[in-house]
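Dear colleague,

Please find below the structure that I am handing over to you. A summary of the findings follows it.

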Amino acid sequence: MKRKLVVGLGLVLFIFVISAMVVLKNLDNIVVNHRLINEQDIIIGKYNEMLFQMKGAQAELYRHQAGYTRNIDDLVDYIAAFDENMELLSRQYSSHLDDIACMQCHEKIKERLSLLRGIFTEIKRQIKDYKRDVSILITTNDSRQIKTLEDAATKRGNAITELLGTVRHAADKMREEIKNKRNILIGQSRSIIFFYYIFHYSFFYYYIYRCNQRYFRAYKFFN
Amino acid sequence: MNLIVILTMVILPFSLMVTGCSERETKDVLKNEKIIKEGTFTIAILPEQNVFEQKKRYKPLAEYLSNALNTNVKIKLLDSYGTIYDEIKNRTIDGAFFGSFNYVLTKARTEIEPIARPVETGGNSNYKGVIFTKKGSGLNIDIRTWKNKKVSLVHEVTTAGYIFPKWYLKKQGVDDFENYFKKIIFSGSHDAAIIAVFNGQADLGAAKDLIIKKVLSEYPAIRDDIVVLAESISVPSNTLCVRGDLRKDIKLSLKKTLLTLHHVAQGKKALAALNAEKFIETSDLEFDKLRAMAKEIGLDIRRYPFRNLR
């Protein structure tokens, strides 16, 4: 009886250790995923902000070109803020490119982040050209130059907006994937804890039952 | 034995539960100190080069002056060299970094006071106007090769980008500057005038030597492709001038702050953004050679239009 009890307790302890390890590992992943979801929320917020800034800049440019205003500070401020956000996002994604923890679980993450980096490089190139074109456009007197640059600025503005839309869509998708993964891990941990409880209490009730049986047998013997 | 079993049975499930419920808390302490300053001091900036770069260059200076003068120093970008006079006249700005010819014209019509101007890294506080072309354009220092070509200038109220080429051709015997060329493009800024030549939109151009150096350092590929055809005398680079009706103590305080900028760590940062070593005092007399140049081409600085329209 005593040996059976020790083996049983050992089994309970063993299952407990395994369950705890899995739950702790999941917890770590859940925390990391949660952090990533928060990060993605910020990034998506930034994309929306950048879209607003680009469209705001375009609107200011049209206002200026149409002769409604001579103020160019707002236009310049929109683009400066856009640049700042762009730098921030680039840094944010670059920090994950060398993140070994990410690479261990997701083989495709490097590919995806590299793709995003490519899009960022393209946006940066476009915005550099956009700034050059717009700067000349708002100062030049030459009607031919104005026409050419207006078209170029509109095209570049639209291209930047489209590229932003693409990365925003990708960020949305990544966020959903991370969220799903986090929910799976939460569910897995819950199941492990639940099944452990079932096993644990089954063993506990079995032990009480066996003790009681012995007690009843002794009671019968003395009476 | 029973005690061990019971303890194990009670503690284990709870410990697993506690592990599952643990939470990581992060506390961010945000220090958000805002000092509210009274009043605004607006300084206008000419579009001598890319307006986005201009704002970036002057932002640290505005921040430094805001703290030093305990007022909100605001940078206002202008879209044309011609608007500066109206802004001063309408009192929408308190001061501006005037181009040399802009200063001469404005000073002839309203009271403005030169405060200081930056000394570029390398010790230069003046600039020269440069007439240039692209290698292989077939143009040379003989102005006859320039006839009926497309020229890219900056604006009618700039020394390097209009007055100097006009003066230079006048000296060479050309009185009808406007009709000497097939087309004159006013690009509105010095870098745009340079880009127009290298893009093939113009055959020759005129701009500030400081901006040419800057553009060439940004685009090393075209460094050897530029051919200088003529150079002007040195004139003071963009000078911070303030409205004459401003309080004397404000003017003095501004001058003192600018002239001591290179002694302060934060000031050095502002100077670095401007690519300057320090600010030096500027007097009205330094612009006399430009006034003489304007006189030589028969230009009445009291009547010459600012050509504010785009």
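Predicted model: local features only at pLDDT ≥ 70, side-chain atom pairs only at ≥ 80, totals over all residues.

Let us begin with one residue of chain A. A:S19 belongs to helix α1 of chain A, which covers residues 2-65. Its C-alpha atom is 6.4 Å from that of A:I192, although 173 residues separate A:S19 and A:I192 along the chain.

I turn next to chain B. Its secondary structure consists of 11 helices and 13 strands. Chain B has 310 residues, of which 42% are buried. If one considers the contacts in chain B between residues at least 6 apart in sequence, 77% of them connect residues at least 24 apart.

The largest one contains 111 residues, and B:I45, B:I84, B:A96, B:L204 and B:A207 have the most contacts inside it. Helix α4 of chain A (residues 109-139) supplies the largest share of this core, namely nine residues. In chain B, domain 1 (40-125 + 237-296) and domain 2 (129-232) both contribute residues to the core, and therefore it lies between them.

Which residues are in contact with B:I45, leaving aside its neighbours within four places in sequence? They are B:Q54, B:Y58, B:I75, B:K76, B:L77, B:L78 and B:F97.

Yours sincerely,
A colleague

Terms used:
Residues numbered from 1 in each chain as written. Chains lettered and ligands numbered in written order. Core = buried A, V, L, I, M, F, W, Y, C linked by C-beta atoms within 7 Å. Buried ≥ 20, exposed ≤ 12 C-beta atoms within 10 Å, placed from the backbone. Helix = DSSP H or I, 4+ residues; strand = E, 2+ residues; numbered from the N terminus. Domains from an automatic or database assignment. Contact = placed C-beta atoms within 7 Å.
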